[in-house]
Amino acid sequence: MRINKGRRGIEEGDMTPMIDMVFQLIAFFMVLVNFTEQETNQDVVLPHSVLAKAPDPPLKNVVFVHMTEDAEVILLGQRIILDNAYDYLYQEAQIIRNSNVSVDDTTVVIRAHEDANTGHVQKLISECLRAGFKQFALRATSGEENHS
Amino acid sequence: MKIRNTKEKHEKIEVPMTPMIDIVFQLLIFFIMTFKIVDVEGDFNIKMPEAARESNALTEEQIPPMRLIMKANTAGDLVSMRLAEQNFSIEGGYTSYEERTSAFSSLGNYIVRFMGNQIGPGGNTPETVEIEIDADFNLKYEYTIQAITMISGRLDNNKEVVPLVEKIQFAPPRPDPNAE
């Protein structure tokens with residue numbers, strides 16, 4: 001038996017395909033990553049509608065108002081109860097006026113939970129009207145219906 | 001001048017790739033961590049006229065808004081719907097997802113027929129028709145949105161939105177039965 005005194009070099013597996021796959025993955029994620037902060041809220045599950053379309057062109061002068069299923073209003077990160085919403089909305093309208101933007105041109109985007117009471121949403125809308133806002137948009141998840 | 005030894009072998013210079021792989025993995029982990037799957041959100045193309053009208057005077061072009069009455073059970077689920085004189089209710093109220101879906105489809109088809117009638121001057125256009133939604137206080141918001149979906153437009157074969165009724169408003173809310 002021949003004693004194998006051949007090379008004892010370290011056999012390295014070829015890493016090239018792995019690097020290729022890793023580059024593919026990076027390219028995939030780079031294309032998908034979205035650094036713009038979409039104003040969403042974990043507590044609000046939006047209702048679904050096939051007609052909901054992302055506004056095109058994107059809305060300028062937007063105020064986001066969220067409502068949870070317990071009728072809690074979330075405005076600018078603050079959780080407030082519906083009865084107090086008017087004060088905050090009025091404040092927000094004042095801030096908008098002070099920055100030389102017309103409140104008439106500002107759209108209030110209402111992101112209400114799908115299980116919230118319609119009456120509470122109506123009350124929220126009427127409080128926004130009272131605070132001076134005139135334009136509204138009701139938000140829903142868009143796309144084909146795919147849930148029960 | 002030194003005569004170059006042409007037999008000199010050109011050595012292959014190997015660039016160490018290990019640090020590059022390390023950086024690439026770092027990048028990959030960064031992108032994986034910052035990747036977030038978010039549902040696409042959209043808005044309805046509806047105009048919501050001011051709910052509180054001072055007077056009920058109507059201009060000549062306006063016709064009084066049609067009222068969509070939506071009733072809910074104690075759990076907030078839809079039990080019946082009626083638009084003006086057209087009733088979409090069933091005996092005993094809606095009790096299942098299929099019944100509600102079918103009712104919404106009927107509502108949508110009715111609106112399509114209604115808007116398709118009287119094409120021409122004086123006909124029903126998105127500018128002239130107005131619908132007022134009168135929903136029970138505790139009706140779940142998703143049903144209201146579905147009703148608005150059926151009323152405000154329809155997807156045609158090219159997945160484009162065909163507008164039906166754009167002027168949608170809410171009736172003054174009835175008092176909350178659960179309020180103190």
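**The interface of chains A and B and its surroundings**

The contact between the two chains (heavy atoms within 4.5 Å) takes 53 residues from chain A and 47 residues from chain B. Glu41(B), Asp43(B) and Tyr141(B) supply 20% of the area that chain B buries against chain A, more than any other three residues. The structure is a predicted model, in which local features need pLDDT of at least 70 and side-chain atom pairs count only at pLDDT 80 or more, while totals for chains, interfaces and linings use all residues. Residues are numbered from 1 along each chain as its sequence is written, chains are lettered from A and ligands numbered from 1 in the order in which they are written, and side-chain values use heavy atoms, with hydrogens and water left out.

The size of an interface is often given as the accessible area lost when the parts come together. Here, chain B and chain A bury about 4300 Å² between them, and 68% of this lies on carbon and sulfur atoms. Buried area is the accessible area, found with a 1.4 Å probe, that two parts lose on being put together, summed over both.

The rule for salt bridges (a side-chain nitrogen of Lys or Arg within 4 Å of a carboxyl oxygen of Asp or Glu) finds three of them between chain B and chain A. Arg139(A) forms a salt bridge with Asp43(B), and the closest N and O atoms are 2.8 Å apart.

On the side of chain B that touches chain A, the elements that give two or more residues are α1 (18-34), β1 (41-43), α3 (141-152) and β6 (153-155) of chain B. Helices (H or I, at least four residues) and strands (E, at least two) are DSSP runs, numbered from the N terminus. The largest share of this side, 10 residues, comes from α1(B). By residue class, the side divides into 29 nonpolar, seven polar and 11 charged residues. Ala, Val, Leu, Ile, Met, Phe, Trp, Tyr, Cys and Pro count as nonpolar, Asp, Glu, Lys and Arg as charged, and the others, Gly among them, as polar.

Strand pairing also links the chains: strand β5 (residues 135-141) of chain A and β1(B) pair in the antiparallel sense over three bridges. Two strands pair if DSSP finds at least two bridges between them. Thr141(A) has Glu41(B) as its bridge partner in β1(B).

Turning to the fold of chain B, there are three helices and eight strands, and along the sequence they follow the pattern α-β-β-β-β-α-β-α-β-β-β. Five strands of chain B form an open sheet with mixed pairing, in the order β4-β3-β2-β5-β8. Its edges are β4 (86-87) and β8 (167-170) of chain B; each has a single partner strand, so one side of each is left without a neighbour in the sheet. Within this chain, strand β5 (residues 130-135) pairs with β8(B) in the parallel sense over four bridges, and Glu132(B) has Gln169(B) as its bridge partner in β8(B). Of the 180 residues of chain B, 36% count as buried, a class defined as under 20% relative accessible area, with exposed over 50% and partly exposed in between (1.4 Å probe, protein chains only).

In chain A, Val65(A) is found in strand β1 and is buried, with a relative accessible area of 0%. Its contacts beyond four places in sequence include Leu75(A), Leu89(A), Val109(A) and Leu124(A). Val65(A) and Val109(A) are 44 residues apart in sequence, yet 6.1 Å apart in space, C-alpha to C-alpha. Thr68(A), in the loop between β1 (62-67) and β2 (72-75) of chain A, also counts as buried at 4% relative accessibility. Among the residues it touches are Asp43(A), Arg79(A) and His113(A).

Backbone angles deserve a brief look. Most residues other than glycine have a negative phi. Leu76(A), however, has a positive phi near 55 degrees; this residue is found in the loop between β2 and β3 (78-81) of chain A and counts as exposed at 57% relative accessibility. Asn100(A) has a positive phi of about 60 degrees. This residue is found in the loop between α2 (85-98) and β4 (107-112) of chain A and is exposed, with a relative accessible area of 74%.
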